[in-house]
Amino acid sequence: MNKAYVYRLYPTADQKILFAKTFGCCRKIWNLMLGDRIDAYNDYGITLLPTPAWYKDDDRYSYLKEVDSLALANVQLALQKAYKAFFDGITEFPKFKSKRRAKLSYTTNNQGGTISVADKSVRLPKVGMVKAKIHRNAPSYMVLKSATISCDKCGRHYISVLYEYDKTDTADKASDPEKRLGLDYKSDGLYVDSEGRCADMPHFYRKAHKKLKHLQRELSRKVGSKKGEMPSHNFEKQLARVRKQYRHVADQRRDYLQKRSTALADEYGLIGVEDLSLKGMSSSKGLGLGKETNDKGFGMFVQMLAYKMADRNKSLIKVGRTFPSSQLCQCGYKNPITKDLSVRRIICPMCGCTYDRDINAAINIRNEAYRIFRCGE
């Protein structure tokens, strides 16, 4: 099994320069190898498998020797993986990486202790000891395998340390969970659970919308009038302000989802959620839920729940999209009136029960998830 721990890095000015060089060299070696593979196939019909060593001997690319060699070797592996995914029909053909749009990251491997985590720092090849916020430590039985260093658009550096371990936990995951919960997605509150509680997630993007509107208006005024003109320094500074504000909203959202998912994973043994097409909901013009859906981050929330429940030997079960969670009464009657989304409180014509649409859907999701769990589907 593999598990990663993410830490915030605080590199010095010289270390930032070395990180930037490594990011650039990884992007350059990707473009060189991809270009040579394309040219070899187009000109000679052969499959070329270049390596970073080919280019280090070239005087034009002597700067490649200044950075971590394992970072460049991992780029070669990533390109081979991208080609395989293309031929398997999983992704599109690999593309060249742009200096402005490419993600700033690289991966290096631990060889004989070249990577280590201390109390307040992380040791990296070529870089040395980098100051870090070590908010938690990996257990002693885990083996450090690799590390991925990244830098976001706001200039913040992070490291994701990957550990490998043998899963020897003998907890009986198949035992009947005592506490079960169903979650029904709610566009204006993240979810409603089967116990009648609404998450009431704050509207982080909506609250920041006025400030973002002002910042982006100022950014549009600083764009060059001539096509192809390089952006000015004022444009770059304003762009940094816009990115900082967007990052603040994303940090607020992620922090809320982390805390909420941890609380649910600690309390319940089985959680059922609906397998929704969030991309379709956000892009549907008729529903008008694009901003609300993207602001909630329900897909991210489900991912957090999934790995946290797995770490605790608990179960997260996704109920199929075709399951009529909103239409079924607890007596089993399938009410057609629920197809009208404006109807929020429903009276069942069979049993006479009055219930809330969202709470009833969450109860049905919980019951269906428990049925799937018991049947082992």
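Trainee: Before we start, what does "buried" mean here?
Mentor: Buried means that a residue has under 20% relative accessible area, and please keep in mind that this is a predicted model.

Trainee: Okay, so how many residues of strand E10 are buried?
Mentor: Five of the five residues in E10, which covers residues 270-274, are buried, so the strand is largely enclosed by the rest of the structure.

Trainee: And which residues sit on each side of E10?
Mentor: Leu270, Gly272 and Glu274 lie on one side, while Ile271 and Val273 lie on the other, and both faces are covered. In a regular strand the side chains alternate between the two faces of the sheet.

Trainee: Which way does E8 run relative to E10, parallel or antiparallel?
Mentor: Strand E8 (residues 180-186) runs parallel to E10 and is joined to it by four bridges, with Arg180 standing opposite Leu270. E10 also pairs in the parallel sense with strand E11 (residues 315-319), over five bridges, and there Leu270 stands opposite Ser315.

Trainee: Switching topic, is Lys296 buried or exposed?
Mentor: Lys296, which is placed in helix H7 (residues 290-296), is buried, with a relative accessible area of 0%.

Trainee: What does Lys296 touch, leaving out residues up to four places away in sequence?
Mentor: Its contacts include Tyr185, Asp188, Met201, His203 and Arg253.

Conventions
Residues numbered from 1 in each chain as written. Predicted model: local features only at pLDDT ≥ 70, side-chain atom pairs only at ≥ 80, totals over all residues. Heavy atoms only, no water. Buried < 20%, exposed > 50% of the residue type's maximum accessible area, 1.4 Å probe, protein only. Helix = DSSP H or I, 4+ residues; strand = E, 2+ residues; numbered from the N terminus. Pairing = 2+ DSSP bridges. Contact = heavy atoms within 4.5 Å.
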